[in-house]
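Me: I am new to this structure. Please take me through one part closely, then connect that part to the rest.

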Amino acid sequence: MLKARILYFAILMVISAAAMAQTSNNPKEDNSFEPFSAEKSAVQKKTMKKKGKKSARGIFNRKMDLKIKEFDKRMQANAKAERKKQREMRKPQYSDPSYFGHKKKPKKRPPGKRKFCKECGIWH
């Protein structure tokens with residue numbers, strides 16, 4: 001039993017040593033944690049500036065700036081429409097209950113001459 005444990009421990013050590021030997025400390029190699037090294041990105045930026053190409057980050061930032069401006073315009077237009085709606089609601093046809101939803105206040109007729117209103121369903 002003791003021999004099996006020692007043998008198992010020795011095999012485990014050999015496997016772990018082999019796995020550690022495969023990893024590379026070379027900074028120029030790509031890996032999954034850092035697919036692009038800092039040196040490559042610096043070189044790419046210099047060549048892009050020399051050729052006059054626009055960077056993807058710059059294009060993205062400009063697009064986002066335009067979207068922010070469009071959003072601000074929409075929000076200002078919505079606020080303006082809301083103010084106008086509130087101003088309209090202050091009119092008597094909306095705020096005075098005697099209008100019954102009519103644009104003009106209904107006339108008060110004598111009981112024998114009253115007519116049925118199709119708009120509000122009340123005899124005026």
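Which residue forms a salt bridge with Glu 88, and how far apart are the closest N and O atoms?

Reply: Lys 91 is the partner of Glu 88, and the closest N and O atoms are 3.3 Å apart. A salt bridge here is a side-chain nitrogen of Lys or Arg within 4 Å of a carboxyl oxygen of Asp or Glu. The structure holds 1 salt bridge.

A word on the source. This is a predicted model, in which local features need pLDDT of at least 70, side-chain atom pairs count only at pLDDT 80 or more, and totals for chains, interfaces and linings use all residues. Residues are numbered from 1 along each chain as its sequence is written, and side-chain values use heavy atoms, with hydrogens and water left out.

Back to the pair. Lys 91 has a relative accessible area of 38%. For Glu 88 the value is 32%. Both are partly exposed, because that class lies between buried (under 20% relative accessible area) and exposed (over 50%), with a 1.4 Å probe and protein chains only. Areas come from the Shrake-Rupley method.

Now the helix. Helix 3 covers residues 56–89 and includes Arg 83. Helices are DSSP runs (H or I, at least four residues), strands are runs of E (at least two), and numbering starts at the N terminus. Arg 83 is partly exposed, at 48% relative accessibility. Arg 83 also belongs to a patch of positive charge on the surface, with Lys 80, Lys 84, Arg 87 and Arg 90. Patch members have over 30% relative accessible area and no salt bridge; like charges are joined within 9 Å, nonpolar side chains within 5 Å. Lys and Arg count as positive. The place of a charge is NZ of Lys or CZ of Arg.

Next, the wider layout. The protein has 4 helices and 0 strands. From the N terminus on, the order is α-α-α-α. Of its 124 residues, 6% count as buried.

Helix 1 spans residues 2–22 and holds Ile 15. Ile 15 is exposed, with a relative accessible area of 53%. Together with Leu 7 and Ile 11, Ile 15 forms a nonpolar surface patch of about 300 Å² of accessible area.

Last, the segment after helix 4 (92–95), where His 102 lies. His 102 is buried, at 9% relative accessible area. Cys 120 is partly exposed, at 25%. Cys 117 is buried, at 12%.

The sulfur of Cys 117 has its closest cysteine sulfur in Cys 120, 3.6 Å away, so the two are too far apart for a bond. A disulfide needs two cysteine sulfur atoms within 2.5 Å. The structure holds 0 disulfides.

Key. Areas by Shrake-Rupley, 256 points an atom, 1.4 Å probe, with all protein chains shown as cover.
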